[in-house]
Amino acid sequence: MEMMNCERITIPEEGKRTLDKTDRLEMIYYVASGDGLLVIDAPDAQWKYPLQSQTAIWIPENTQHELQNSGIGNLECICFACEL
């Protein structure tokens, strides 16, 4: 691992954050508060995973994904981006 960045993400009610494929970058999200949905787009399929407070998710490199706020109030996440 060459580098790691950390960022706090706030997604307002009914909001979303779309991320393109991340070449040589893995993402780890920790949901600090709120409820949402993780949408992963692959060439041949789409997956949707519910998010709730105090859960963590890992996104492998080169994966297009989107975080959506499906709850009341903000969806607060901490994102760790790890360069391979």
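Which residue forms a salt bridge with Glu83? The partner of Glu83 is Arg24, and the pair comes back in point 5 below. Here are my notes, point by point.

1. A word on the model. This is a predicted model, in which local features need pLDDT of at least 70, side-chain atom pairs count only at pLDDT 80 or more, and totals for chains, interfaces and linings use all residues. Residues are numbered from 1 along each chain as its sequence is written, and side-chain values use heavy atoms, with hydrogens and water left out.

2. Four strands make up an open sheet in the order 2-7-4-5, with antiparallel pairing. Strands here are DSSP runs of E with at least two residues, numbered from the N terminus, and two of them pair if DSSP finds at least two bridges between them. Strand 2 and strand 5 (45–51) are at the edges with a single partner strand each, so one side of each has no neighbour in the sheet. On average, neighbouring strands of this sheet are turned by 15° against each other, direction ignored; the axes behind that angle are lines fitted to C-alpha atoms, and angles run from 0 to 180 degrees between N-to-C directions. As background, strands of a sheet pair through backbone hydrogen bonds, either parallel or antiparallel.

3. How the strands are joined. Strand 2 (residues 16–19) and strand 7 (residues 64–69) run antiparallel and are joined by four bridges, with Lys16 opposite Gln68. Between strand 4 (residues 36–42) and strand 7 there are six bridges, again antiparallel, and here Gly36 stands opposite Asn69. Seven bridges join strand 4 to strand 5, also antiparallel, and Val39 faces Lys48 across that pairing, standing opposite it.

4. Asn69, a polar residue worth a look. Asn69 lies in strand 7 and counts as buried, because its relative accessibility is 6%. The scale is simple: buried means under 20% relative accessible area, exposed over 50%, and partly exposed in between (1.4 Å probe, protein chains only). A polar atom of the Asn69 side chain lies 2.9 Å from the backbone oxygen of Ile11, and the side chain also reaches the backbone oxygen of Gly73 at 2.8 Å. Leaving aside neighbours within four places in sequence, the contacts of Asn69 (heavy atoms within 4.5 Å) include Pro12, Glu14, Asp35, Gly36 and Leu75.

5. Salt bridges. A search of the whole structure finds three of them, where a salt bridge is a side-chain nitrogen of Lys or Arg within 4 Å of a carboxyl oxygen of Asp or Glu.
   - Arg17 pairs with Glu7, with the closest N and O atoms 3.5 Å apart. Arg17 is in strand 2 and Glu7 in strand 1 (residues 3–11), so this pair ties together parts that are ten residues apart in sequence.
   - Arg8 pairs with Glu76 at 3.2 Å between the closest N and O atoms. Arg8 lies in strand 1 and Glu76 in strand 8 (residues 75–83), so the parts tied together are 68 residues apart in sequence. Arg8 is exposed at 53% relative accessible area, whereas Glu76 is buried at 12%.
   - Glu83 and Arg24 have their closest N and O atoms 3.8 Å apart. Glu83 lies in strand 8 and Arg24 in the loop between strand 2 and strand 3 (25–33), so the pair ties together parts that are 59 residues apart in sequence. Glu83 is partly exposed at 21%, and Arg24 is partly exposed at 37%.

6. The nonpolar core. The largest nonpolar core has 16 residues, and those with the most contacts inside it are Tyr29, Leu38 and Leu67. Such a core is a set of buried Ala, Val, Leu, Ile, Met, Phe, Trp, Tyr and Cys residues joined through side-chain atoms within 4.5 Å. Strands 1, 3, 4, 6 (55–59) and 8 each supply at least two of its residues, and the largest share, four residues, comes from strand 8.

7. Tyr29 lies in strand 3 and counts as buried at 1% relative accessibility.

Conventions. A polar contact is a pair of N or O atoms within 3.5 Å; within protein, one must be able to donate a hydrogen and the other to accept it, and residues adjacent in sequence count only if both atoms are side-chain atoms.
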